[in-house]
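Me: I have a model open and want to go through it piece by piece. Can you take my questions as they come?

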Amino acid sequence: MRLVSGLKIRAARIRPLGILFSLLMLGSIPICSAARSVRPTQLNGYKAVPVHYGPLNKMIMSVNINGQPANLLVDTGADQMILDASAAESFGVRPSQRGLRYIRFTKINGQLLPVGFAQSVTAGGMDFGSSPVALRNSNVGSRLEAGNPGVDGVLGLDILLRHKAVINCRTKFIFFKVDQTRQMHLASVALSEKFTEVPLRREENGALTVPCSIRGQAARLLVDTGAFVTTFNEAFVNSLGIALQPTRASAHFTNGVGRKIRAGQINDFTIGDFKVPPAKFGAVVLPNFTLRQGNTRISGILGMDLLFSCHGIIDFDGMNLFLK
């Protein structure tokens with residue numbers, strides 16, 4: 001068992017999970033040491049931007065904000081870009097002035113945060129243009145990335161969806177569409193490489209979910225690259241008769257409540273039609289505000305450990321997840 005700690009941040013409208021994990025992976029390979037640099041596959045009409053994995057299985061993209069270098073966590077669980085307020089200040093991104101017509105505040109985890117505006121956001125050869133940015137004060141409540149200096153904020157769904165990104169969790173590249181006239185048939189290519197196609201669904205509140213099944217019981221999982229481990233709601237796992245054992249790990253939520261994480265062996269777990277190899281997974285009592293995603297109740301969170309080990313590809317153009 002590998003013990004680590006990390007903080008989840010949730011952006012406006014989307015599922016305010018806000019969990020501080022003391023444990024992130026149960027018996028899986030540390031991504032930062034397992035992933036090796038490879039040349040990107042060429043996708044016509046797309047630009048490839050490299051990412052790297054840091055501690056806590058974090059997928060990190062090196063960007064330039066207003067010409068200044070920054071590191072952002074790639075997080076499909078966040079609705080928009082978020083920056084640590086002190087880092088944003090050094091990039092020249094400040095709260096919007098009173099009296100301007102665009103939105104000055106956004107609500108994240110029940111907290112109103114000021115909104116600034118980045119004039120320029122680039123990464124590699126990709127120009128994302130300008131973008132609104134939520135500013136989180138690291139001195140109020142939990143830090144943006146507790147105990148992990150060097151991560152300045154979060155790259156969220158606003159940019160990923162706008163540029164119809166393709167995230168290859170295994171090869172450490174994200175592709176952004178630059179030629180909207182080109183049609184890429186990723187599904188046919190992925191299927192020829194023996195990937196399994198799983199449809200992504202965007203819930204009413206913006207969350208991305210996929211169907212799953214454990215012991216024949218159908219459920220849905222939140223697809224969250226900002227979550228560093230795949231975790232199930234404890235009540236769901238108990239209802240299936242899966243034995244859970246205590247661990248030393250715990251999950252701490254933004255309301256200050258701490259809950260113990262237990263672990264159990266799951267042998268018949270599928271995501272869509274993809275059969276997940278048998279493994280131990282964590283289970284915790286997830287709060288109701290996490291379990292309810294729009295009109296959908298989820299049973300767990302699909303995190304970076306499985307997305308990496310199962311060669312996950314997230315396609316925001318075709319709205320599919322591919323696993324192998």
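Me: Leaving aside its neighbours within four places in sequence, which residues is Phe176 in contact with?
Reply: This is a predicted model, in which local features need pLDDT of at least 70 and side-chain atom pairs count only at pLDDT 80 or more, while totals for chains, interfaces and linings use all residues. Residues are numbered from 1 along each chain as its sequence is written, and side-chain values use heavy atoms, with hydrogens and water left out. With neighbours within four places set aside, Phe176 is in contact with Gly45, Tyr46, Lys47, Val49, Met61, Met126, Phe128, Ile159, Leu160, His163 and Ala165. Contact means heavy atoms within 4.5 Å.

Me: Which residues have the most contacts inside the largest nonpolar core?
Reply: Met61, Phe176, Phe269 and Ile271, in a core of 64 residues. A nonpolar core is a set of buried Ala, Val, Leu, Ile, Met, Phe, Trp, Tyr and Cys residues joined through side-chain atoms within 4.5 Å. Buried means under 20% relative accessible area, exposed over 50%, and partly exposed in between, with a 1.4 Å probe and protein chains only. A second, separate core has ten residues, including Tyr46, Phe173, Phe175 and Phe322.

Me: What is the mean pLDDT of the chain?
Reply: The mean is 82, and 77% of the residues reach 70 or more. pLDDT is the predictor's confidence in each residue, from 0 to 100. Over residues 1-29 it is below 50, yet this stretch has 136 contacts in the model beyond near neighbours in sequence. Where pLDDT is low, the predicted coordinates should not be read in detail.

Me: Overall numbers, then. How many helices and strands are in the chain?
Reply: Seven helices and 28 strands. These are DSSP runs numbered from the N terminus: helices are H or I with at least four residues, strands E with at least two. Of the 324 residues in the chain, 54% are buried. Among contacts between residues at least 6 apart in sequence, 67% join residues at least 24 apart.

Me: What is the strand order in the open sheet of six?
Reply: The order is β3-β13-β12-β27-β28-β14, with antiparallel pairing. Two strands pair if DSSP finds at least two bridges between them. The edge strands, each pairing on one side only, are β3 (46-50) and β14 (196-199).

Me: And over how many bridges do β27 and β28 pair?
Reply: Three, in the antiparallel sense, with β27 covering residues 313-315 and β28 residues 320-323. Asp315 stands opposite Asn320 in β28.

Me: Moving to β5. Why is it largely enclosed by the rest of the structure?
Reply: Because six of the eight residues of β5 (residues 58-65) are buried.

Me: What does β5 pair with over three bridges?
Reply: β4 (residues 52-54), in the antiparallel sense. His52 stands opposite Ile60 in β5. The hairpin of β4 and β5 has three residues between the strands, and Leu56 there takes a positive phi near 70 degrees.

Me: How many bridges join β5 to β6?
Reply: Six, and β5 runs antiparallel to β6 (residues 68-74). Asn71 in β6 is the bridge partner of Ser62. The β5 and β6 hairpin has two residues between the strands, and Asn66 in its turn has a positive phi of about 55 degrees. Most residues other than glycine have a negative phi.

Me: Where is Lys164 found, and what is its phi near?
Reply: Lys164 is in the loop between α3 (157-162) and β12 (166-168). Its phi is near 45 degrees, positive in a residue other than glycine. At a relative accessible area of 29%, Lys164 is partly exposed.

Me: Is Ser299 buried or exposed?
Reply: Ser299 counts as buried, at 11% relative accessibility. Ser299 lies in the loop between β25 (296-297) and β26 (300-302). Leaving aside neighbours within four places in sequence, Ser299 is in contact with residues including Ala219, Arg220, Phe232 and Phe236.

Me: Last one. Which residues does Ser120 touch, not counting residues up to four places away in sequence?
Reply: Asn64, Ile65, Asn66, Gly129 and Ser130. Ser120 lies in strand β9 (residues 111-123). From Ser120 to Ile65 is 5.7 Å in space, C-alpha to C-alpha, and 55 residues in sequence.
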